[in-house]
Amino acid sequence: MSGTLSCHPLCHDCDVSASLLVLAAFAASLVEMVEALTIVLAVGVTKGWRTALLGVAAALAALAIIIVGFGPLLSKLPIGVLRLIIGSLLLVFGLQWLRKAILRASGFKSLHDEDQIFADEVAALGGSTPSEGIDGQGFAVAFKGVLLEGLEVAFIVVTFGATQHRVGLAALGALAAVLLVVIVGVVVHRPLARVPENSLKMIVGVMLTSFGIFWAGEGVGARWPGSDAALLGIIAAVAVSTALTIAWLRTKQRVTA
Amino acid sequence: MTLLRRFLAGVVEFVVGDDWILAAGVVVTLVCAWAVGRVVASWWVLLAGVAVTMGLALRRATGGQRP
């Protein structure tokens, strides 16, 4: 596959990859933003909303600098190097997401409980009454929470976008998820415990792993049978093997229980 | 220097994550795919390498029970 395509250098099938790009960015952002919202709500309730929102604003500014700074930088790398670096990183991240999702789905790891995390955060912050001024500890917790949860999203947006020359499209998917979480968070004003976080994490894990296998493979000189169509085959193979692994682990879990 | 070291440690932690086996497995898989690719088609090495890597990581996480 050449790197001189008019659409983008890594994939011929623009519509499919564009849809997958938006879906991956949306799902990843949704999961991470739900976690960030839980932390922000805990800070807002215990230390005041001014502190919480200032921490969020500072973290969003830091994330914007990372996206604006690294996006164009990645686009300037030679295509072979870009494929290898981004493919490898996506593969590592994808496998991490997938591992956690498989362990949760098969019962080896407890499912994410946002209500419990919210209660833990409130307890850790001392459960004091909100103050009028800015609370340093609350600011740091909100800043760190949003920055760390957002960093993976920023990475996915920048790398997916840069490799397909569509940072805007990836950012759009992420922004849609952020807006959705913020709106729902403002309306319900409590942790979003009903989001199917593990399923979303699994979808993102399958997509990141598949794109990672495909791009990193091209980066080390592998030629895929069927060229770009192989990506769909890889996604199917990763999804099916994930489902089979979960079923197998559930059986093992039942036998040992 | 301490700041740089902390930053680098943070980057490594961010990339490697909870289980170093995954990062190490990806590196080994890519090196094998590159080496095999110099002789024959190597796309299958990537799929096999990822499967083995995930299997080892899950085996470790589940306390030795084979996934």
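In the predicted model, A:G185 is placed in helix α6 of chain A, which covers residues 167–188. A:G185 has a relative accessible area of 3% and is therefore buried, since the limit for a buried residue is under 20%. The C-alpha atom of A:G185 is separated by 8.6 Å from that of A:L41, although the two residues are 144 residues apart along the chain.

When neighbours within four places in sequence are left aside, A:S29 is in contact with A:V153, A:A174 and A:A177.

The largest nonpolar core contains 82 residues, and the members that touch the most other members are A:L90, A:F160 and A:I213. Helix α1 of chain A, made up of residues 14–47, gives the most to this core, with 16 residues. The contacts of A:I213 involve both chains: A:L91, A:W224, A:I234 and A:V238 are among those touched in chain A, and B:L46, B:L47 and B:V50 among those in chain B, with residues up to four places away in sequence not counted.

A:I213 is also one of the residues through which helix α7 of chain A meets helix α3 of chain B. The axes of α7(A), residues 197–219, and α3(B), residues 43–61, come within 10 Å and cross at roughly 140°. An angle over 145 degrees would be needed for a roughly antiparallel pair, so α7(A) is oblique to α3(B). The crossing of these two helices is right-handed. On the side of α7(A), the contact is formed by A:T209, A:I213 and A:G217, and on the side of α3(B) by B:L46, B:L47 and B:V50. Four of the residues in the contact of α7(A) with α3(B) are nonpolar and two are polar, while no charged residue takes part.

Chain B has three helices and zero strands, and its elements follow the order α-α-α from the N terminus on. The chain consists of 67 residues, of which 28% count as buried. Of the contacts in chain B between residues at least 6 apart in sequence, 40% join residues at least 24 apart.

Within chain B, helix α2, residues 20–37, packs with α3(B) at an angle of about 160°, and the axes are 9 Å apart. This angle is over 145 degrees, and α2(B) and α3(B) are therefore roughly antiparallel to each other. Their crossing is right-handed. From α2(B), the residues in the contact include B:W20, B:I21, B:L22, B:G25 and B:V26, and from α3(B) they include B:W44, B:V45, B:L46, B:G49 and B:V50. The contact of α2(B) with α3(B) comprises 14 nonpolar residues, four polar residues and one charged residue.

The relative accessibility of B:G55 is 21%, which is not under the 20% limit for buried residues, so B:G55 counts as partly exposed. B:G55 and B:L22 are 33 residues apart in sequence, and their C-alpha atoms are 9.8 Å apart in space.

Methods: Residues are numbered from 1 along each chain as its sequence is written. Chains are lettered from A and ligands numbered from 1 in the order in which they are written. This is a predicted model: local features need pLDDT of at least 70, side-chain atom pairs count only at pLDDT 80 or more; totals for chains, interfaces and linings use all residues. Side-chain values use heavy atoms; hydrogens and water are left out. Axes are lines fitted to C-alpha atoms, for helices over the stretch in contact, and angles run from 0 to 180 degrees between N-to-C directions. Helices (H or I, at least four residues) and strands (E, at least two) are DSSP runs, numbered from the N terminus. Angles under 35 degrees count as roughly parallel, over 145 as roughly antiparallel, 65 to 115 as roughly perpendicular and the rest as oblique. A crossing is left-handed if the near helix is turned anticlockwise from the far one by less than a right angle, and right-handed if clockwise. Contact means heavy atoms within 4.5 Å. Ala, Val, Leu, Ile, Met, Phe, Trp, Tyr, Cys and Pro count as nonpolar, Asp, Glu, Lys and Arg as charged, and the others, Gly among them, as polar. Buried means under 20% relative accessible area, exposed over 50%, partly exposed in between (1.4 Å probe, protein chains only). A nonpolar core is a set of buried Ala, Val, Leu, Ile, Met, Phe, Trp, Tyr and Cys residues joined through side-chain atoms within 4.5 Å.
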